[in-house]
Amino acid sequence: MSIAHHAMRRLSICSAILPALLLSGLPSAALATDAPVPPVAAKTAWQETRHGTVVTDDYRWLQKKTDPAVIDYLNAENAYTAAVTATIQPLADKVFAEIKGRMQEVDLSVPVRIGNFYYYTRTEAGKQYAINCRRPVGADGAYDAQAAEEILLDQNKLAEGQKFFSVRAFSVSPNEQLLAYTTDTTGFRQYELHIKDLKTGKLLTDSMPRVTSLAWAADNATVLLVQEDATTKRSDRLFRLALGGTPQEVYHEAVEQFAIGLGRTHDKKFFVLESRSTDTSETFLLPTDQPNGVFTSVLPREKGHRYSVEHRDGQLYILTNKHAKNFRVVSAPLSAPQHWKELVPHDKNAVIKSLDVFQGYLVVMEKARALNRARIYDFASKHWKTVQFDDPVYLANPAGTPEFNATQFRMSYQSPVTPPTVIDVSMKDGKRTVLKQQEVVGGYDASRYTTQRLWVTARDGVQVPLWVVYKKGVKLDGSAPLLLYSYGSYGISTEAGFSIARLSLLDRGVIYVQAHIRGGTDMGEAWHEDGMLMKKKNTFNDFIDSADYLVREKWTSPNRLIIQGGSAGGLLMGAVVNMRPELFHAVHAAVPFVDVMNTMMDASLPLTTGEYLEWGNPNEKAAYDYMLSYSPYDNIARKNYPAMLVTTGLNDSQVMYWEPAKYVAKLRAYKTDNHPLLLKTNMGAGHGGASGRYDAIAEGAFNTAWMLSEWGITE
């Protein structure tokens with residue numbers, strides 16, 4: 001998810017400052033030894049008055065990405081990290097080999113039918129990226145593995161010569177002859193449009209930068225596109241592109257707190273344009289056979305009302321939170337969308353996460369007590385059936401069922417001990433058919449591991465769920481190494497999934513735990529509301545209370561407890577180590593949102609103003625004071641901190657590289673301990689790290705090896 005961030009007001013720094021940058025403040029004894037010496041960032045004078053108070057930022061100069069001294073500093077930090085961790089590289093290599101050895105390198109996704117073809121991706125041994133393919137539907141309508149394969153995109157060829165490569169949009173025209181797709185080659189998440197003629201294999205001349213979503217018109221000659229602003233990265237403009245012509249602007253979302261996205265209804269009859277902020281949305285429709293027409297608002301924008309729309313046989317199906325905090329589903333005539341008939345009532349104990357409408361069925365995905373379930377409605381019989389699973393913790397999600405007339409609903413199921421499994425569920429009778437389970441090469445025995453649900457009573461009496469997985473036989477006497485992870489923002493839930501990479505921890509006796517802290521929607525919409533704005537500290541308190549519980553109940557002890565979080569979860573890491581540094585032995589903070597005030601006070605930065613509804617508007621004094629009280633960068637103090645590994649990407653568009661860089665620079669100047677403090681920057685990637693699958697495994701293996709070394713595990 002987004003966290004606010006980009007090119008700020010910048011303070012220039014001459015590269016002549018580099019010697020001082022790297023050496024200032026270092027004792028002469030340190031320079032005389034062979035021990036790696038950490039870079040010490042220079043301090044420069046930068047001030048701003050906020051609410052009558054003068055604020056200083058000694059490391060503001062690190063925000064100037066174009067300054068060679070900044071790149072030199074990041075490279076110096078990388079060199080220091082490499083030197084300090086040289087002894088753990090063999091372990092990192094071993095972990096990499098373990099993960100790679102469990103991975104099915106040559107693999108094929110479950111084919112999905114769309115029109116006259118089955119679409120799938122496959123991977124080849126030694127190649128970093130997937131290959132997008134299709135085969136014609138067999139004579140009986142089934143997938144025919146003997147039919148001729150058509151390669152649509154070989155991402156490995158497209159990625160040649162690039163440090164980073166990612167495909168986002170991938171949409172075939174209704175006549176199945178053209179492919180619109182978008183690519184990013186920096187990691188900054190700005191995607192360029194390409195359109196390929198699938199008959200000739202040639203690219204058309206049509207292109208457009210910074211495309212975030214797109215949809216084909218029924219005429220096969222028009223594409224509607226959403227483009228983000230070059231500076232703010234807010235998706236705010238909709239264009240119509242007639243192939244071979246010039247894009248024409250159709251809609252501009254002027255309100256800074258809103259961003260737009262484009263799709264089509266499941267029956268492909270309407271374009272769906274959604275404009276959303278954190279707490280409000282508006283949906284517009286346009287027939288796909290009238291791409292030159294005018295979008296019509298379904299329901300006018302109303303503060304606090306969030307809704308989405310589907311269509312079937314002249315009826316709209318609306319997922320709405322009006323008079324329903326956890327959402328409900330209503331139907332209404334296309335001609336009178338305000339005339340509602342309730343189909344799925346509100347449930348205070350279950351939040352509706354998504355709605356799928358088919359010709360014969362309707363499917364709602366719900367989450368109750370941090371577990372997902374599907375409920376299927378048969379339009380003909382008017383009966384409901386529920387699809388849920390028996391494991392104590394698990395993750396079940398829709399896996400994509402593109403055909404409107406489908407009778408099987410495809411789901412993905414996994415748990416901390418069950419590899420991802422693709423299942424078709426008959427919408428008529430609920431019968432389940434397992435299509436594929438992810439193979440763990442070399443054999444995997446789920447019975448060697450155990451997983452369970454725990455409930456923690458937070459300081460305000462709220463019950464916070466956790467899930468735990470570990471190898472059977474681990475002693476639960478407080479001596480076990482334990483990794484505690486969480487996120488807790490934007491309504492994003494913590495999910496109990498499977499991980500091949502995690503086996504390298506479990507097999508070494510590490511207990512792995514995730515906490516469903518407030519800020520997500522794990523326990524409903526109120527769970528999000530109780531962890532945002534002026535209640536944000538509940539997120540941090542829940543995490544600390546979970547850690548205290550794990551120590552008290554002898555799952556682990558402070559000197560064996562490592563914590564991990566990324567992005568907004570990196571904010572969590574920074575906040576809790578300021579609050580309770582003695583509770584944690586070590587921390588991995590990935591792409592952490594830690595410079596909250598400097599980012600949120602600069603409305604010129606990408607995504608910032610849209611974040612006011614999640615974090616608060618710091619131009620308001622009460623919100624400013626509250627945010628300042630937990631901002632990790634602003635609350636660094638002269639005290640002992642845990643060992644820390646901070647990772648980031650130079651081209652991060654969500655949390656700019658400078659936030660972790662400034663955080664490490666300041667923390668190194670303030671902390672009073674001798675624990676490791678490492679900054680590792682991927683100089684050719686963004687928010688998600690390396691794009692190639694082997695490169696991504698290597699990054700994860702290094703992080704794992706560092707944590708293992710902090711537990712004293714060297715093999």
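In this predicted model, helix α12 spans residues 621-628, and its buried residues are Ala623, Tyr624, Tyr626 and Met627. An α-helix has 3.6 residues a turn, so residues three or four places apart point the same way. The partners of the buried residues of α12 come from several parts of the chain: they pack against strands β1 (47-50) and β2 (53-56), and also against helices α8, α10 (596-600) and α11 (612-615).

One of these partners, α8, also packs with another helix. Two packed helices are described by the angle between their axes and the distance between the axes. For α8 (residues 537-552) and α9 (residues 568-579), the angle is about 65 degrees and the axes lie 10 Å apart. Angles of 65 to 115 degrees count as roughly perpendicular, so α8 is roughly perpendicular to α9. The crossing of α8 past α9 is right-handed. On the α8 side, the contact is made by Thr539, Phe540, Asn541, Phe543 and Ile544, while α9 brings Leu571, Leu572, Met573, Ala575, Val576 and Met579. Sorted by class, this contact of α8 with α9 holds nine nonpolar and two polar residues, with no charged residues.

A further helix pair joins α4 (residues 89-102) to α14 (residues 693-710), which pack at an angle of about 130 degrees with their axes 8 Å apart. That angle makes α4 oblique to α14. Here too the crossing is described as right-handed, with α4 passing α14. From α4, the residues in contact are Gln89, Leu91, Ala92, Val95, Phe96, Ile99 and Lys100; they meet Tyr694, Ile697, Ala698, Ala701, Phe702, Thr704, Ala705 and Leu708 of α14. The class count for the contact of α4 with α14 is 12 nonpolar, two polar and one charged residues.

Glu553 is found in the loop between α8 and β35 (561-566). With a relative accessible area of 41%, Glu553 is partly exposed. Gly478 is 75 residues away from Glu553 in sequence, yet their C-alpha atoms are 7.8 Å apart in space. Lys43 sits in the loop between α2 (28-31) and β1. Leaving aside residues up to four places away in sequence, Lys43 touches Asp58 and Tyr59.

Asp313, in the loop between β19 (307-312) and β20 (315-320), has a phi near 50 degrees, a positive value in a residue other than glycine. Lys382 likewise has a positive phi without being glycine, near 60 degrees, and its place is in the loop between β25 (371-378) and β26 (384-387). Lys382 counts as exposed, at 57% relative accessibility.

Turning to the chain as a whole, there are 14 helices and 38 strands. The radius of gyration is 26 Å, close to the 27 Å that the globule rule gives for 715 residues, so the chain is as compact as a globular protein of that length. Along the principal axes, its C-alpha atoms fill a box of roughly 80 × 60 × 50 Å. Of the 715 residues, 57% count as buried. Among contacts between residues at least 6 apart in sequence, 58% join residues at least 24 apart.

How values were computed. Residues numbered from 1 in each chain as written. Predicted model: local features only at pLDDT ≥ 70, side-chain atom pairs only at ≥ 80, totals over all residues. Heavy atoms only, no water. Axes fitted to C-alpha atoms, helices over the stretch in contact; angles between N-to-C directions. Helix = DSSP H or I, 4+ residues; strand = E, 2+ residues; numbered from the N terminus. Parallel < 35°, antiparallel > 145°, perpendicular 65-115°, else oblique. Left-handed = near helix turned anticlockwise from the far one by under 90°. Contact = heavy atoms within 4.5 Å. Nonpolar A, V, L, I, M, F, W, Y, C, P; charged D, E, K, R; others polar. Rg over C-alpha atoms; globule rule 2.2 N^0.38 Å. Buried < 20%, exposed > 50% of the residue type's maximum accessible area, 1.4 Å probe, protein only.
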